[in-house]
Amino acid sequence: VQLQACGGGLVEAGGALRLSCAASGRTFSTNVMAWFRQAPGKEREFVVSIGPTDINKYYADSVKGRFTISRDNGKNTGYLQMNSLKPEDTAVYYCAAGPIFSVSAATYSYWGQGTQVTVSS
């Protein structure tokens with residue numbers, strides 16, 4: 001599976017962005033998909049994950065109620081809708097795919113290249 005993330009940009013606090021993660025390969029629909037983010041000088045952190053059937057979703061406490069993950073297996077694409085953005089959400093966002101639910105980046109076998117999200121105060 002190859003992943004390509006896009007949709008990042010510069011937005012004011014309180015604004016919204018939608019990230020997309022386009023996948024190639026026939027196994028995307030059977031993989032858990034996740035989003036991670038990495039701010040300058042910090043470790044990569046888990047944001048949210050979604051199961052293959054779009055039913056099970058797990059969110060980091062820091063984004064609950066503001067971010068929504070979804071996927072369209074017919075289009076081999078995952079999405080991250082980010083609302084009520086805060087300056088502390090500023091980071092490079094990465095999509096990832098792997099066989100099981102996990103908050104550990106090491107569990108995910110496939111990674112997109114990352115897209116920058118910058119939230120100004």
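Two strands count as paired if DSSP finds at least two bridges between them. Strands themselves are DSSP runs (E, at least two residues), numbered from the N terminus. With that in hand, here's the sheet: four strands line up in the order β1-β3-β8-β7, forming an open sheet with antiparallel pairing.

Before we dig in, this is a predicted model, where local features need pLDDT of at least 70 and side-chain atom pairs count only at pLDDT 80 or more, while totals for chains, interfaces and linings use all residues. Residues are numbered from 1 along each chain as its sequence is written, and side-chain values use heavy atoms, with hydrogens and water left out.

**The sheet**

- Strands of a sheet pair through backbone hydrogen bonds, either parallel or antiparallel.
- At the edges of this one you'll find β1 (2-6) and β7 (67-72), each pairing on one side only.
- From one strand to the next, the twist averages 15° (axes are lines fitted to C-alpha atoms, and angles run from 0 to 180 degrees between N-to-C directions).
- β7 is joined by six bridges to β8 (residues 77-82), and the two run antiparallel.
- Phe67 stands opposite Met82 in β8.

**Aromatic pairs**

- The structure holds six aromatic pairs; rings of Phe, Tyr and Trp (its six-membered ring) pair if their centres lie within 6.5 Å, and planes under 30 degrees apart count as stacked, over 60 as edge-to-face and the rest as tilted.
- One of them is Phe36 with Phe46, an edge-to-face pair at 5.7 Å centre to centre, with 80° between the planes.
- Phe36 sits in strand β4 (residues 32-38) and Phe46 in strand β5 (residues 45-50), so this pair ties together parts that are ten residues apart in sequence.
- Phe36 is buried at 1% relative accessibility, and Phe46 is buried at 12% (buried means under 20% relative accessible area, exposed over 50%, partly exposed in between, with a 1.4 Å probe and protein chains only).
- Tyr94 and Trp111 also make an edge-to-face pair, 6.4 Å centre to centre with 75° between the planes.
- Because Tyr94 belongs to strand β9 (residues 91-98) and Trp111 to strand β10 (residues 110-111), that pair links parts 17 residues apart in sequence.
- Tyr94 is buried at 15%, whereas Trp111 is partly exposed at 26%.
- Ring pairs link Phe36, Phe46, Tyr94, Tyr108 and Trp111 into a cluster.

**Charges over rings**

- Arg44 has its charged end over the ring of Trp111, 4.8 Å from the ring's centre (a charge sits over a ring if NZ of Lys or CZ of Arg is within 6 Å of the ring centre and within 35 degrees of the ring normal).
- Arg71 does likewise with Phe28, its charged end sitting over the ring, 4.6 Å from the centre.
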